[in-house]
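Hi,

Could you have a look at the structure below when you get a moment?

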Amino acid sequence: MLLSDDAIGRAAEALVSGLLVAFPTETVYGLGADVFNVAALERIFAVKRRPRFDPLIIHIADMDALEGIADISSLEPVSREKLAALSRCLWPGPLTLILPKRPAVPDLATAGLATVAVRFPDHPVAQKLIRLSTGAIAAPSANPFGYLSPTRAEHVQEQLGAQVDIILDGGRTGIGVESTVLDLSTGLPRILRPGGTSRERIEAIIGPVDNSEQGGILEAPHSPGQLKSHYAPRSPLTLHCPGDMIALPYRASEGYLFFDGKSRDAWYTAQEPRDARWIRTLSETGSMAEAATNLFDQLHELDKSGCSIIRVEQAPEDGLGSAINDRLSRAATMY
Ligand code: TXA
Ligand code: MG
């Protein structure tokens, strides 16, 4: 969808005056506020019902803005080199970096931590909005805390509606899962949340990263996206190993989400579902990128369909598969 420069300009003015603007990024829609406006930040937490211990990502659209947010000089030289390499190769893109924070960033944005999360989104609307405002927008995903992330403006409208001052409709988001969160503030870089940039891509640029927390469900999370119940639909969701789906008996009241066309077809042959209603496939050909794009979209659809339970097939673990499985396992643990 084409948004006029005027519409983005008006949204930027609204941000500067302290209002909340939902906007598209290449991953999911964000709920934005000027990072330096504490009253606007307060509203983000209220609208999302987000606990204050969960810090926000600051979105920038040029490298100068990074200096105003993060204290790069206090990084170890080796971490500074890794930051330079990652920002050169992967920004703009679905990668959030945890860096030492500048005092100018309000504590509310970072939940009182000494670090700040920074991301340079790869989306023309997001970039224009950021550049026309104060240059740094705090934005969590534009969904109520713990619920499915929005990949369309309609999802934001349905979930947060009138509580958001402006929703910029940029169509469906391309990547479909949130950015990868990588902590560069300590010695060995550590993945805190798997996401739109695979570990393999990061390691090809900076060498080994600590991956022990990715996908882990922690008692005391380093990053609240690690909370075990997160990204959940309202309907119960159960997760099934790829080989197990075929044995699931068809029940007309249930929803089914297959990873690819091959396993869906095998299940059709085995179970012969009659008047099948709620059967979806993440990617007909098994493309991981397409599966990620469709993930939240199809979960939203099944969640609204009224099915009694959503049965989902896990993705293979490589590349973006670990981000897909991370979101699915957190969506499933509530039940
Ligand atoms: O793709 C994305 O990252 C989307 C779009 C809108 O940019 N944003 C997003 O924001 O997913 P949110 O708030 O839903 O997730 C931010 C994650 C949370 O898991 C939060 O705990 C973590 O980043 N985070 C933020 N600041 C942090 C910090 N200083 N240290 C560790 N984790 C941090
Ligand atoms: Mg979120």
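**Helix α1 meets helix α6**

Helix α1 crosses α6 in a right-handed sense. The residues that make this contact are D5, I8, G9, A11, A12 and L15 on the α1 side, with V125, K128, L129 and L132 on the α6 side. Sorted by class, that contact has 7 nonpolar, 1 polar and 2 charged residues. As for the geometry, α1 covers residues 5-16 and α6 covers residues 124-132, and their axes come within 8 Å and cross at roughly 50°. At that angle α1 counts as oblique to α6.

Before going on, please keep in mind that this is a predicted model.

Which residues of α6 are buried? They are V125, A126, Q127, L129 and I130.

Strand β6 takes us to an open sheet of 9 strands with mixed pairing, in the order β7-β1-β2-β6-β3-β5-β4-β8-β9. The edges are held by β7 (166-167) and β9 (190-193); each has a single partner strand, so one side of each has no neighbour in the sheet.

- β2 (residues 30-34) and β6 (residues 136-138) run antiparallel and are joined by 2 bridges. A33 has A138 of β6 as its bridge partner.
- β4 pairs with β5 (residues 115-119) in the antiparallel sense, over 5 bridges. Here T96 is partnered by R119 of β5.
- β4 also pairs with β8, this time in the parallel sense and over 4 bridges. L97 finds its bridge partner in L182 of β8.

Why call β4 largely enclosed by the rest of the structure? Because 6 of its 6 residues are buried. The cut-off behind that word is under 20% relative accessible area.

**The sheet of 4 strands**

There is also an open sheet of 4 strands, ordered β10-β13-β11-β12, and its pairing is parallel. Its edge strands are β10 (237-240) and β12 (279-283); each has a single partner strand, so one side of each is left without a neighbour in the sheet. From one strand to the next, the twist averages 20°.

Going across this sheet, here is how the strands pair:

- β10 and β13 (residues 310-313) are parallel, with 4 bridges between them. H240 is partnered by E313 of β13.
- β11 and β13 run parallel too, joined by 3 bridges. The bridge partner of L257 in β13 is V312.
- β11 and β12 run parallel and are linked by 4 bridges. D260 has S283 of β12 as its bridge partner.

Is β11 enclosed or open, and what is the reason? With 6 of its 6 residues buried, β11 is largely enclosed by the rest of the structure.

Helix α9 (residues 261-271) lies across β11 (255-260), β12 and β13, and runs at about 130° to β11. Helix α11 lies across β10 and β13, running at about 135° to β10.

**Helix α10 meets helix α11**

Helix α11 has a helix contact as well. The axes of α10 (residues 288-305) and α11 (residues 321-332) come within 9 Å and cross at roughly 20°. The cut-off for roughly parallel is an angle under 35 degrees, and α10 and α11 are therefore roughly parallel to each other. Their crossing is left-handed.

Which residues make the contact? On α10 they are M288, A291, A292, L295, F296 and L299, and on α11 they are G321, I324, R327 and L328. By class, the contact of α10 with α11 has 8 nonpolar residues, 1 polar and 1 charged.

Cheers

Terms used
Residues numbered from 1 in each chain as written. Chains lettered and ligands numbered in written order. Predicted model: local features only at pLDDT ≥ 70, side-chain atom pairs only at ≥ 80, totals over all residues. Heavy atoms only, no water. Axes fitted to C-alpha atoms, helices over the stretch in contact; angles between N-to-C directions. Parallel < 35°, antiparallel > 145°, perpendicular 65-115°, else oblique. Left-handed = near helix turned anticlockwise from the far one by under 90°. Contact = heavy atoms within 4.5 Å. Nonpolar A, V, L, I, M, F, W, Y, C, P; charged D, E, K, R; others polar. Pairing = 2+ DSSP bridges. Buried < 20%, exposed > 50% of the residue type's maximum accessible area, 1.4 Å probe, protein only.
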